[in-house]
Amino acid sequence: MAEEIPFARLGIPKEFRDVLSPQAPRPARLAAARGLLPVAPDVQLGMLYVLRGDPDPEVAELAGRSLLDLPVEHVLRAIHVRTHPKVLEYLAESRVDPDLDDRLAMHKLANDRTVRLVARRAGPALCEKLCSNHERLLMTPLIWLDLRANANAAERDLQKAEGFLRMEGALPEAAPAAPPPAAPAAPAAPAPMDLEAEILAALAGQQSPALLAAQDQRLEMIDLDRTSVDLGDFEFNFADETQELSWLLTDDRDERASLEELRSMEGIIRDMSPGQKIKLAYLGNQESRGILIRDSNKLVAAAVVKSGRMSDGEGLAAAANRNLADDVIREIATNREWVRKYPFQVALVNNPKCPASVAMGFIRNLNRRDLQALTRNRNISSAVNQAATRLFREKFKDA
C-alpha cells in the first residue's frame, strides 16, 4: 500500500513516511493515529488521512477519531492551496462546521462531491458566495441543482447563477426549462407558521418545520429522478482529477515539449469545456498553463494565474505580454509576492493592459534607465506616460 500513497501530494515529508507503512511498528502507528507526533498541522492532516485507511482496525479508528476531534481552528490552519482533494472530501463528509464548509466550498482543488455536499447544507451567506462564484459554477455545474434544493439559497442569487450557466451553455440538463415571460402575479400569501411546532422542534434540537416545508416545495420544482441526488458513500482512496487527464497535460517534464506534443495538447484542450479547462489550470503542467493563459474565455485565462502554480519566470513573461486578456494582467498585478519584485514592476508599468492606478504605484521605484524608457513608451496610457515624464524631470533635472 505504501507505494500507492502519493506522499508528496499529501505534503508528508520523507522522514515521516515510514511510520505510516503497515509494516511499521504498531506502537508508532498508534501514536501517529492519536496525533501525538510533533508535526505541522498540514502534515498531521495528511498523515491522519493515510492512517484512516490502515489495515489495522484500531489504528484506522483512532485516526478517524483524531480527525474528528481536531479543533476547527487547527483544521483551517492545516488546509492550504495544495491540500489533497480526498482529504478535503473526507472533511466535508465527516465534519459539519460553517467556517470549515466555507473554506472547503471555496477551495480550488475541492472535487465535485465535496462542493456538492457542502452546497446542500450551506447557510445563506455561503449559498450567495457559491451562486456568484463563476469558476466553481463552471467546474461543477450540478451545484446549481444542490443550491436550488437548499432552502437557504435566495431566489435572486439562484437566478443569477442560472443566467450565467445558461449563457455559458453549462446549465445542467436536469434543470427545469426557463418559463415563458408572464405578467407579474400578486405574491402568494405565506403559509402560516405553526409557532408551537417551531418551539417544540427547537427544544428537541430538530430542524424548523417551516424551513423543511420550504425545502420540500423547492424540491418539487426539480425532476429528482434526473438530478443524481444520491452522491454515494465516501470511498477511501487517493484518487484526484489529475488521473482523469492525459499525462501530456499534467506531468511536469525536464525537457521542453516537442512541437508534436504541443499540438496534441492544444487539440485536447480545445475540446474541453470551460469548466474542465479551469480545473486543468489548477492541475496542469507548464505547457498546459502556457496554452490556457491565452484562452479566449477570461475566466479560464485568469485561473492560470490564480492557481499559484506559475513560476516567477512564467509570471514575468505573462506580465510583459501585451496580447493576454486584461483580466490576466490585473490578476498578476494583484499578486503581492510578484509585485514586490522589481522586474515585475518594470514589466507591468510597460504593459498597456496594466491598470493605471496600479502602474502609478510602481513608477517611483524605477531606476533612471527604466524610468526614461517609460517616458518614451507610447503604448501605455497617457496618464502613466505623463507621470513618468514629470517624475524623471524632477529626479534627474540636473543630470
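Guide: A word on classes before we start: Asp, Glu, Lys and Arg count as charged, Ala, Val, Leu, Ile, Met, Phe, Trp, Tyr, Cys and Pro as nonpolar, and the others, Gly among them, as polar. The model above is predicted.

Visitor: By class, what residues does the lining of the largest pocket have?

Guide: Rolling a probe the size of a water molecule over the atoms shows where empty space is left. Here the largest pocket holds about 510 Å³ of space. Its lining has nine charged, nine nonpolar and four polar residues.

Visitor: Which residues lie nearest the centre of that pocket?

Guide: Gln286, Glu287, Arg289, Gly290 and Glu314, out of 22 lining residues. Two or more lining residues come from each of α16 (259-270), α18 (286-292) and α20 (312-319). The most, five residues, come from α18.

Visitor: Which residues touch the most other members of the largest nonpolar core?

Guide: In soluble globular proteins, nonpolar side chains tend to be buried together. In this structure the largest nonpolar core has 109 residues, and Ile332 and Leu348 touch the most other members. Helix α3 (residues 41-52) supplies the largest share of this core, seven residues. Leaving out residues up to four places away in sequence, Ile332 touches Leu348 and Trp338, among others.

Visitor: Where is the pLDDT below 50?

Guide: Where pLDDT is low, the predicted coordinates should not be read in detail. Residues 175-190 are below 50, with seven contacts beyond near neighbours in sequence. Residues 218-228 also stay under 50, with 24 contacts beyond four places in sequence. The chain's mean pLDDT is 86.

Note on methods: Residues are numbered from 1 along each chain as its sequence is written. This is a predicted model: local features need pLDDT of at least 70, side-chain atom pairs count only at pLDDT 80 or more; totals for chains, interfaces and linings use all residues. Side-chain values use heavy atoms; hydrogens and water are left out. On a 1 Å grid over the protein atoms alone, a cavity is a set of points where a 1.4 Å probe fits but cannot get out, and a pocket is an open set with protein on both sides within 12 Å along at least five of seven lines; lining residues have an atom within 4 Å of a point. Grid points are joined across faces, edges and corners, and a volume is the space filled by probe spheres set on the points. Helices (H or I, at least four residues) and strands (E, at least two) are DSSP runs, numbered from the N terminus. A nonpolar core is a set of buried Ala, Val, Leu, Ile, Met, Phe, Trp, Tyr and Cys residues joined through side-chain atoms within 4.5 Å. Buried means under 20% relative accessible area, exposed over 50%, partly exposed in between (1.4 Å probe, protein chains only). Contact means heavy atoms within 4.5 Å. pLDDT is the predictor's confidence in each residue, from 0 to 100.
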